[in-house]
Amino acid sequence: MFAIKRELKLNNKERSLMRGIAGFKRFVYNYALSIITASWDFEDIQAGDNKRLDAIKKVLTQVTMKKPEYAWMKKYPSTVYQSAFRDLKKAFSRWREGVAEFPAKKSKKKGDSFTVYKTSGIYPEKGQPALPFTNRVVIHPGKTIQLPGLKIFRLKERIDFICSSQTFTVSRTADRWFVSFAINAQHNPPIYHPCEQVGLDLGVKCLATVSDGTCYAMPHTTKEAKTKLRKLQWRNRNKVLGNKKLGIVVSKNAKKYYIKLARDYALICNIRRDTIQKMTTDLSRRVYCIRIEDLNVAGMIANHKLASAISDNCFYEVRRQLIDKQEHYGTKVEIVDRWFPSSKMCSKCGHIQAMKLSDRVFFCQKCNQTLDRDENAAINLKNAPSKKVRSARS
Ligand SMILES: [Zn+2]
């Protein structure tokens with residue numbers, strides 16, 4: 001699977017259509033979220049999250065949408081609210097598993113996004129082979145794209161080859177709109193990896209340290225962009241930002257400030273994402289088997305001091321990208337058990353000693369080995385016993 005993301009070239013009319021659809025999705029998501037939380041007060045209803053959400057969906061389509069004041073909902077493709085429910089189901093199951101916080105209400109300030117997909121298709125007769133492309137949209141080379149349930153939109157950058165996809169996600173970052181979709185790509189010929197196996201320690205100080213001694217750092221441009229952002233925020237600290245409850249209208253300069261702020265955030269995010277993409281591609285080309293630690297990200301984010309550093313280094317993102325690239329580059333990603341003492345153990349003699357988070361150097365009290373903390377951890381991950389290791393599913 002390959003993901004393609006392209007910027008859309010929209011005129012004002014199309015822009016407001018996109019905003020409208022995203023608003024519809026946000027409305028449905030928040031509507032269902034508030035009803036399901038309210039339904040927990042009625043203890044006589046015995047149903048799981050998914051069943052409750054299915055019932056709420058029925059209420060939405062059969063009662064709410066039929067009211068004249070909600071007639072505007074019918075303008076938009078039905079896949080939009082379907083995907084809102086799907087997202088909410090996923091958010092609830094992630095919360096139940098303990099890997100994410102309780103689903104929060106969507107806010108306009110956090111950007112816009114929605115998903116549309118092709119539903120109708122000619123289903124093959126029983127026993128007949130499935131017809132290709134029946135439930136997929138064929139995308140022809142060029143600078144336009146047809147979104148299912150919507151019209152044709154222009155793209156800023158062309159697509160060079162014929163491909164097809166079922167699901168399309170449209171999103172807005174700052175004032176730019178993007179469309180992304182996954183396509184089935186041909187298998188690449190097996191790649192020769194010069195290195196057999198490494199351990200990868202995802203650090204707080206450095207983005208990642210590899211057991212062979214290489215280190216991937218976050219570029220200092222992120223730091224510069226962050227300083228610029230802080231300055232912008234400080235200089236605009238007295239802007240009239242508006243308050244709905246008090247009836248204060250947002251000033252024109254504050255609106256300009258919001259746009260600039262969103263652009264600056266997007267810049268930092270882009271640098272970060274680009275760095276991680278380059279790092280994971282480089283590793284996947286070089287190494288056959290990559291071992292990483294199973295991080296209790298949910299637990300660590302709860303620890304507030306670490307939270308900023310972690311989200312900066314995007315542990316979760318690195319891991320996701322490495323796993324995604326497995327198929328394309330013919331690599332294998334292995335996860336080392338969370339309780340394996342990778343940072344407390346000496347990589348030479350196996351002596352285990354307590355390490356403070358502030359200790360940047362591992363000095364073994366038994367064999368006197370002195371090594372960088374992260375490098376020591378990376379070597380331990382590389383040599384972890386096989387019973388502590390499982391392969392990552394993609
Ligand atoms: Zn030692």
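These legends describe close-up views of a predicted model.

**Figure 1. Overview of the predicted protein.** The model is a prediction. The protein has 394 residues, and 21% of them are buried. Its secondary structure comprises 10 helices and 16 strands. Take the contacts between residues at least 6 apart in sequence: 66% of them join residues at least 24 apart.

**Figure 2. The largest nonpolar core.** In soluble globular proteins, nonpolar side chains tend to be buried together. Here the largest nonpolar core holds 26 residues. Ala32, Val80 and Leu88 have the most contacts inside this core. Six elements are labelled in this view: α1 (12-39), α2 (49-62), α3 (78-97), β2 (112-117), β7 and β8 each give two or more residues to the core. Helix α1 supplies the largest share, seven residues. Ala32 is in contact with Leu53, Ile56, Phe85 and Leu88, leaving aside neighbours within four places in sequence.

**Figure 3. Helix α1 against helix α3.** Two packed helices are described by the angle between their axes and the distance between the axes. For α1 and α3, the axes come within 9 Å and cross at roughly 45 degrees. That angle makes α1 oblique to α3. The crossing is right-handed. From α1, the contact uses Ile21, Phe24, Lys25, Val28, Tyr29, Ala32 and Leu33. From α3, Val80, Tyr81, Ala84, Phe85, Asp87 and Leu88 take part. By class, this contact of α1 with α3 has 11 nonpolar, no polar and two charged residues.

**Figure 4. Helix α2 against helix α3.** These two helices pack at an angle of about 160 degrees, with their axes 10 Å apart. Angles over 145 degrees count as roughly antiparallel, so α2 and α3 are roughly antiparallel to each other. Their crossing is right-handed. On the α2 side sit Asp49, Asn50, Leu53, Lys57 and Leu60. They meet Tyr81, Phe85, Leu88, Lys89 and Phe92 of α3. By class, the contact of α2 with α3 has six nonpolar, one polar and three charged residues.

**Figure 5. Helix α5 against helix α8.** Helix α5 spans residues 252-286, and helix α8 spans residues 315-324. They pack at an angle of about 40 degrees, with their axes 10 Å apart. That makes α5 oblique to α8. α5 passes α8 in a right-handed crossing. Ile276, Gln277, Thr280 and Ser284 in α5 face Glu317, Val318, Gln321 and Leu322 in α8, and these residues meet in contact. By class, the contact of α5 with α8 has three nonpolar, four polar and one charged residues.

**Figure 6. Gln166, in the loop between β6 and β7.** Gln166 lies in the loop that links β6 (163-165) and β7. This residue is partly exposed, because 17 other C-beta atoms lie within 10 Å. Leaving aside neighbours within four places in sequence, Gln166 is in contact with Tyr117, Lys118, Asn135 and Arg136. Ile183 is 17 residues away from Gln166 in sequence. In space, the two are 8.6 Å apart, C-alpha to C-alpha.

**Figure 7. Two loop residues with positive phi.** Most residues other than glycine have a negative phi. Ala174 has a positive phi, near 50 degrees. Ala174 sits in the loop between β7 (167-173) and β8 (176-183). It counts as partly exposed, because it has 16 C-beta neighbours inside 10 Å. Asn368 also has a positive phi, of about 60 degrees, and is not a glycine. Its place is the loop between β14 (361-363) and β15 (370-372). Asn368 has 10 C-beta neighbours inside 10 Å and so counts as exposed.

Methods
Residues are numbered from 1 along each chain as its sequence is written. This is a predicted model: local features need pLDDT of at least 70, side-chain atom pairs count only at pLDDT 80 or more; totals for chains, interfaces and linings use all residues. Helices (H or I, at least four residues) and strands (E, at least two) are DSSP runs, numbered from the N terminus. A residue is buried if 20 or more other C-beta atoms lie within 10 Å of its own, exposed if 12 or fewer, and partly exposed in between; C-beta atoms are placed from the backbone. Two residues are in contact if their C-beta atoms, placed from the backbone, lie within 7 Å. Axes are lines fitted to C-alpha atoms, for helices over the stretch in contact, and angles run from 0 to 180 degrees between N-to-C directions. Angles under 35 degrees count as roughly parallel, over 145 as roughly antiparallel, 65 to 115 as roughly perpendicular and the rest as oblique. A crossing is left-handed if the near helix is turned anticlockwise from the far one by less than a right angle, and right-handed if clockwise. Ala, Val, Leu, Ile, Met, Phe, Trp, Tyr, Cys and Pro count as nonpolar, Asp, Glu, Lys and Arg as charged, and the others, Gly among them, as polar. A nonpolar core is a set of buried Ala, Val, Leu, Ile, Met, Phe, Trp, Tyr and Cys residues joined through C-beta atoms within 7 Å.
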